[in-house]
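Grab your viewer and work through these exercises with me. Each one has a task, then a solution that goes step by step.

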Amino acid sequence: MSTTPGHATGAAAPTSSPFPADFLWGTATAAYQIEGAAAEGGRGPSIWDTLSRVPGAVVNGDTGDVACDHYHRWAEDVDHLARLGVGGYRLSISWSRVQPGGSGPLNPEGVEFYRNLLDALRERGITPYVTLYHWDLPQELEDAGGWANRDTAYAFAQYARAMATELGDRVEMWTTLNEPWCSAYLGYASGVHAPGRTEPAAALAAVHHLNLAHGLAVRAIREVLPAAKCSVTLNLHVLRPASGSAADADALRQIDGLANRVFLGPLLDGEYPADVLADTASVSDWSFVQDGDLEITRQPLDVLGVNYYSTTRVRRFTGEGEPVRADGHKTTTVSPWVAADDVEFLPLPGPHTAMGWNVEPAGLTELLLDLHRTYPDLPLAVTENGASFEDTVVEDPALGIARVHDLARVAYLRDHVAAVADAIAAGADVRGYFAWSLMDNFEWAYGYSKRFGMLHVDYPTGERTWKNSAYWYARLVRTGRIPGVFEAQPA
Ligand code: FCB
């Protein structure tokens, strides 16, 4: 690993930029987390509207009904992006806003919302990266079996085709799926995410149907727009064994299969890893993989999107006591790790964010370099990276404005941006970095209790306040060099 630990010391950053001149700096959001207006403008319900109404499913009973009210405040949010100076913005389309039932007629009002937003971004010179599926499946499709049903993959391809037709070259990069790992395993195995099902066999079917959906959608988009750039975003897990034992190495192999290779294999190599099929044979015979599917799943990609937050430590369960399940996600009685109940997930040393996730920037360098070594011709982009911390808004009497002194978030971003620079210096082809998130938002099962934004959102009023991290990021984008923590001030 090439990462130098010196970045955490606050040492002065070099004056010349470690990033290519055309490196794309951006921020990211997702539709259900920010839009609100859940029942407005002809939008139909999604699985998150449904799950968030199940008592106990989301902290404080929060829902995305109003969220950041981005549906009404989008023009102001585009102004914030322009003020940040970012060259890119990663957003997602709410499928049930543009096609309420998930199949059948489009909702013109919903399509118009995205057309206006994309036009406003382009007018400001901000390149849109558009994710078609950031976890908000139309409820009607879930009622018909959701991602466990093969038909959902074909419905997704129809929706992708419709978006390519309607939005065309307004979109610079089409990202099919965001983190299918979460959709499949958190949605269908542990059930902490929508649709909240606890059926491990369905989770494996969902894995395959998501992979299939990706391939069908890329094909459909390119049929409409032959020059379209396409990508997928994965939350690849950077794994650490608890010891040097053969048993822990095997636990790592097993989790690497379920977390990483079950997506990378079909999407980039056109095959499912034999060991994953063997490991999960007690749960599924994988007969849902049909002839020809693996030619569809593997489509040429313009970029692989990488979301990175922390690392994961695994150990083969010795059988004594209760297995430790500290994998960074909420737990239920069913593990998201299908057929891996004998693998433990151990806490990692700190520092930790408010999510309890360990902070390890070197893991990002390692991940980017590993991917580059395995897929040397595939450009990479960090499509999410960021941190949740407790934030406090204070008045700044000198400047007469509200401030949020989020130094821990600034340090997190600084160290991870430096980790990307390390990967680039060591040869990785990384094209962009999107900070998660532009603004505080609905953090899924944690509701509004966890804040990841560079802009603070006061939920009762919707007011946005720039945190120090926003000032810091604007400076990074403007200068192309990595500012120090104390440069995070209004310019
Ligand atoms: C990722 C999700 C994103 C956000 C961050 C914190 O897994 O893609 O929507 O919740 O985590």
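## Exercise 1: a buried asparagine

Asn 385 has 0% relative accessibility, so Asn 385 counts as buried (buried means under 20% relative accessible area, exposed over 50%, partly exposed in between, with a 1.4 Å probe and protein chains only). Before going on, a word on the model: it is predicted, so local features need pLDDT of at least 70 and side-chain atom pairs count only at pLDDT 80 or more, while totals for chains, interfaces and linings use all residues. Residues are numbered from 1 along each chain as its sequence is written, and side-chain values use heavy atoms, with hydrogens and water left out.

Task: find where Asn 385 lies and which polar contacts its side chain makes.

Solution. 
- Step 1: Asn 385 is in the loop between strand S10 (380–384) and strand S11 (393–396). Helices (H or I, at least four residues) and strands (E, at least two) are DSSP runs, numbered from the N terminus.
- Step 2: look for a backbone partner. The Asn 385 side chain comes to 2.8 Å from the backbone oxygen of Tyr 308.
- Step 3: look for a side-chain partner.

## Exercise 2: the ligand and its shell

Task: work out which residues surround the ligand and which pocket the ligand sits in.

Solution. 
- Step 1: list the shell. Around the ligand you'll find Gln 33, His 134, Trp 135, Asn 178, Glu 179, Tyr 309, Glu 384, Trp 436, Glu 443, Trp 444 and Phe 452, where near means that a heavy atom of the residue lies within 4 Å.
- Step 2: sort the shell by class. There are five nonpolar, three polar and three charged residues. Here Ala, Val, Leu, Ile, Met, Phe, Trp, Tyr, Cys and Pro count as nonpolar, Asp, Glu, Lys and Arg as charged, and the others, Gly among them, as polar.
- Step 3: pick out polar distances. Ligand oxygen atoms lie 2.9 Å from a side-chain N or O of Asn 178, 2.7 Å from one of Glu 443 and 2.9 Å from a polar side-chain atom of Trp 444.
- Step 4: check the cover. On its own the ligand has 290 Å² of accessible area, and the protein covers 95% of that (Shrake-Rupley method, 1.4 Å probe; for residues, only the protein chains shown count as cover).
- Step 5: name the site. The ligand sits in the largest pocket. Sitting there takes more than half of the molecule's atoms within 2 Å of the grid points. A pocket is an open set of points, on a 1 Å grid over the protein atoms alone, with protein on both sides within 12 Å along at least five of seven lines.

## Exercise 3: one shell residue up close

Task: is His 134 buried or exposed, and which side chain does it contact?

Solution. 
- Step 1: His 134 sits in the loop between strand S3 (127–133) and helix H6 (139–143).
- Step 2: its relative accessibility is 2%, so His 134 is buried.
- Step 3: the side chains of His 134 and Asn 178 make a polar contact of 3.0 Å. Asn 178 also has a side-chain N or O atom 2.9 Å from a ligand oxygen.

Terms used:
A polar contact is a pair of N or O atoms within 3.5 Å; within protein, one must be able to donate a hydrogen and the other to accept it, and residues adjacent in sequence count only if both atoms are side-chain atoms. On a 1 Å grid over the protein atoms alone, a cavity is a set of points where a 1.4 Å probe fits but cannot get out, and a pocket is an open set with protein on both sides within 12 Å along at least five of seven lines; lining residues have an atom within 4 Å of a point.
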